[in-house]
Amino acid sequence: MGSCHETGPKLIRCKAAVCRVPGEPLVFEEVVVAPPKAFEVRIKVICTSLCHTDVSYWRSKEFASSILGHETVGIVESVGEGAEEVAVGDKVVPMFQPNCRKCGPCRSEKNNLCDAVQARSFGMPRDGTSRITDAAGASLTNLFGISSFSEYTVVDVASIVKVDPKMPPDRVCPLSCGISTGLGAAWRVADVEAGSSVVIFGLGAVGLAVAEGARLRGAAKIIGVDLNPNKILIGKKFGITDFINPKEIGEKPVNEIVKELTNCGADYSFECIGLTSTMNEAFRSSKNGGKTIILGLDVQGSLCINTQELLFGKTIVGSILGGTKVKVDIPIFIKKYLDKELQLDEFITHQIGFDEINKAFDLLNAGECIRCIIWMDK
């Protein structure tokens with residue numbers, strides 16, 4: 001397909017699943033992947049998975065002629081100048097949130113927002129352009145500087161984490177976004193402690209990862225809130241102790257039931273759906289002095305809270321990727337999995353080949369899977 005020679009990496013022609021019409025099945029096309037520029041790495045994708053964020057962009061009318069995908073793992077095919085922290089043949093996981101490890105925020109424990117290399121929704125982080133074009137030479141919009149629905153892609157080295165060779169590709173793949181968001185939110189943003197109470201609104205991959213993080217931290221009560229009754233059994237695998245289905249509680253607000261279960265409210269309340277209505281309910285479900293962590297995104301709504309409650313120590317905080325510092329935390333997550341402490345197998349409910357990628361959208365939209373692994377070579 002393409003390789004490194006004395007004159008440097010060449011263009012690579014490969015197959016990609018392209019979003020041409022929002023909301024319609026992806027189309028397989030031959031694309032051209034450029035060589036990596038300075039501080040960039042070109043990788044051969046091993047497998048990828050579908051995240052709800054991909055589905056949101058897939059539906060967007062502003063995102064036609066694009067290559068989606070950002071949860072992935074691959075093998076380094078070539079490296080650009082300044083990207084020598086990885087080498088050809090390394091197994092790596094791309095992350096949409098860069099971590100240069102040199103700027104002030106990257107050296108600080110307060111947040112994970114890199115100043116030197118800032119995350120973008122579209123295009124490479126340093127210049128906003130794409131490294132992938134279609135057969136006619138037209139640039140294809142690049143999602144998060146990753147675009148993993150392509151056999152090859154280019155990623156900034158600040159967003160690349162080297163992976164322990166013993167780590168199975170399909171297990172590390174979902175750590176690229178959803179699961180790391182939930183784990184990071186529980187460990188870094190909330191800093192859940194043993195014996196505490198937690199309520200989680202939305203038990204998708206992110207919410208279940210919050211539960212897993214809280215379980216590992218020794219939370220005494222972990223309450224899951226979801227409209228899907230099938231999440232009861234799934235949630236128990238990740239430490240959910242109590243389940244609330246808003247459709248089955250009549251006119252009683254969820255926050256009242258949470259307060260009954262926790263004696264005045266949860267220590268930590270997580271919103272993992274992306275609706276202002278559940279964000280408000282999550283805040284009301286926290287106790288005085290409690291913390292509400294917003295992980296979902298609602299671009300149209302706004303919070304409506306009783307400011308008097310803030311005087312009693314209640315706080316609201318948001319985060320990108322759950323506060324995960326990718327080059328610090330991802331190796332920790334991987335070690336905990338290899339040491340059989342962290343559950344990852346249970347998140348993977350389906351595995352398909354690249355040619356079946358549109359089936360992954362059907363499964364996720366129907367609420368039938370947590371994570372579907374899409375293998376490029378199957």
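Reader: Which residue is the bridge partner of Val33 in β9?

Author: The bridge partner of Val33 in strand β9 is Ile132. The structure is a predicted model, in which local features need pLDDT of at least 70 and side-chain atom pairs count only at pLDDT 80 or more, whereas totals for chains, interfaces and linings use all residues. Residues are numbered from 1 along each chain as its sequence is written, and side-chain values use heavy atoms, with hydrogens and water left out.

Reader: What makes β4 and β9 a pair of strands?

Author: Strands are DSSP runs of E with at least two residues, helices are runs of H or I with at least four, and both are numbered from the N terminus. Two strands pair if DSSP finds at least two bridges between them. Strand β4 (residues 27–33) and β9 are joined by three bridges in the antiparallel sense, so they count as a pair.

Reader: Why are β3 and β9 called edge strands?

Author: The open sheet has three strands in the order β3-β4-β9, with antiparallel pairing. Its edge strands are β3 (12–18) and β9 (132–134), each of which pairs on one side only. From one strand to the next, the twist averages 45 degrees; the axes are lines fitted to C-alpha atoms (for helices over the stretch in contact), and angles between N-to-C directions run from 0 to 180 degrees.

Reader: How do you know that β5 is mostly covered?

Author: A residue is buried under 20% relative accessible area, exposed over 50% and partly exposed in between (1.4 Å probe, protein chains only). In strand β5 (residues 40–49), nine of the ten residues are buried.

Reader: Which strands does β5 join through bridges?

Author: Eight bridges connect β5 antiparallel to β7 (residues 71–79), where Val76 stands opposite Ile43.

Reader: Why is the pair of Tyr57 and Phe144 called edge-to-face?

Author: Rings of Phe, Tyr and Trp (its six-membered ring) pair if their centres lie within 6.5 Å; planes under 30 degrees apart count as stacked, over 60 as edge-to-face and the rest as tilted. By this rule there are seven aromatic pairs. The ring centres of Tyr57 and Phe144 are 5.8 Å apart and the planes stand at 85 degrees, so this pair is edge-to-face. Tyr57 belongs to helix α1 (residues 52–59) and Phe144 to the loop between β10 (141–142) and β11, so the contact ties together parts 87 residues apart in sequence. Tyr57 and Phe144 also form one aromatic cluster with Phe96 and Phe122.

Reader: Why does Phe144 count as buried?

Author: The relative accessibility of Phe144 is 13%, so Phe144 counts as buried.

Reader: What makes the pair of Trp58 and Phe361 tilted?

Author: The centres of these two rings are 4.8 Å apart and the planes lie at 50 degrees, so the pair is tilted. Trp58 in helix α1 and Phe361 in helix α11 (residues 357–365) are 303 residues apart, and the pair links distant parts of the chain. Both Trp58 and Phe361 are buried.

Reader: How do you know that the charged end of Lys15 sits over the ring of Phe28?

Author: A charge sits over a ring if NZ of Lys or CZ of Arg is within 6 Å of the ring centre and within 35 degrees of the ring normal. The charged end of Lys15 sits over the Phe28 ring at 5.2 Å from its centre. Lys314 likewise lies over the face of Phe283, 4.4 Å from the ring centre.
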